[in-house]
Amino acid sequence: MSQRYVVHLPVVANDLPAAQRLARVIGRWMLVLPMADPGETTVSEEDQQFLRHRVFCDLRLPGGRRCLLRDGHDGPCARRLRR
């Protein structure tokens with residue numbers, strides 16, 4: 001058994017798209033912390049926490065880093081936002 005622990009940080013949003021946007025902002029900001037793994041970020045309804053919605057694409061890129069675009073994005077994976 002590994003000695004990894006996961007921190008669950010509840011924040012509140014009014015709907016699923018707003019929760020996913022907020023989670024992406026928090027996840028990208030947390031990249032300044034070497035122990036953060038935003039690719040695993042999910043959101044759920046408060047009363048249905050077993051039903052989670054992925055926030056980031058989470059596919060591995062060459063070099064082992066993760067794609068940081070939204071889940072279900074169009075086009076190739078990337079580490080930076082597209083404009």
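How many residues does α1 have, and how far does α1 reach from its first C-alpha to its last? Select α1, residues 16-29, and you can check for yourself: there are 14 residues, spanning 20 Å end to end. That is close to the 20 Å expected at 1.5 Å a residue. Keep in mind along the way that you're looking at a predicted model.

**Stop one: the start and the buried residues of α1**

Zoom in on D15, at the start of α1. A side-chain oxygen of D15 comes to within 2.8 Å of the backbone nitrogen of A18. Now colour the buried residues of α1: A18, A19, Q20, A23, R24 and G27. Here's a bit of background for reading that list: an α-helix has 3.6 residues a turn, so residues three or four places apart point the same way. What covers the buried residues of α1? Show the strands, and you'll find β1 and β2 included in that cover.

**Stop two: the strands**

Next, select residues 42-45 for β1 and residues 48-54 for β2. The two run antiparallel, with 4 bridges joining them.

**Stop three: R66**

Move on to R66, which sits in the segment after β2. Is R66 buried or exposed? R66 counts as buried, because its relative accessibility is 11% and the cut-off for buried is under 20%. To see what surrounds R66, display D37, G39, E40, D58, L59, R60, L61 and R79; R66 touches each of these, leaving aside residues up to four places away in sequence.

**Stop four: the E40 and R66 pair**

From that group, keep E40 and R66 on screen. Their side chains meet in a salt bridge, at 3.4 Å from N to O. E40 belongs to the loop between α1 and β1, while R66 belongs to the segment after β2, so the pair ties together parts that are 26 residues apart in sequence. A search of the whole structure turns up 1 salt bridge.

E40 counts as partly exposed, at 43% relative accessibility, whereas R66, at 11%, counts as buried. If your viewer lists polar contacts, look for the R66 and E40 side chains there as well, joined at 3.4 Å.

Technical notes. Residues are numbered from 1 along each chain as its sequence is written. This is a predicted model: local features need pLDDT of at least 70, side-chain atom pairs count only at pLDDT 80 or more; totals for chains, interfaces and linings use all residues. Side-chain values use heavy atoms; hydrogens and water are left out. Two strands pair if DSSP finds at least two bridges between them. Buried means under 20% relative accessible area, exposed over 50%, partly exposed in between (1.4 Å probe, protein chains only). A polar contact is a pair of N or O atoms within 3.5 Å; within protein, one must be able to donate a hydrogen and the other to accept it, and residues adjacent in sequence count only if both atoms are side-chain atoms. Contact means heavy atoms within 4.5 Å. A salt bridge is a side-chain nitrogen of Lys or Arg within 4 Å of a carboxyl oxygen of Asp or Glu. The expected span of a helix is 1.5 Å times one less than its number of residues.
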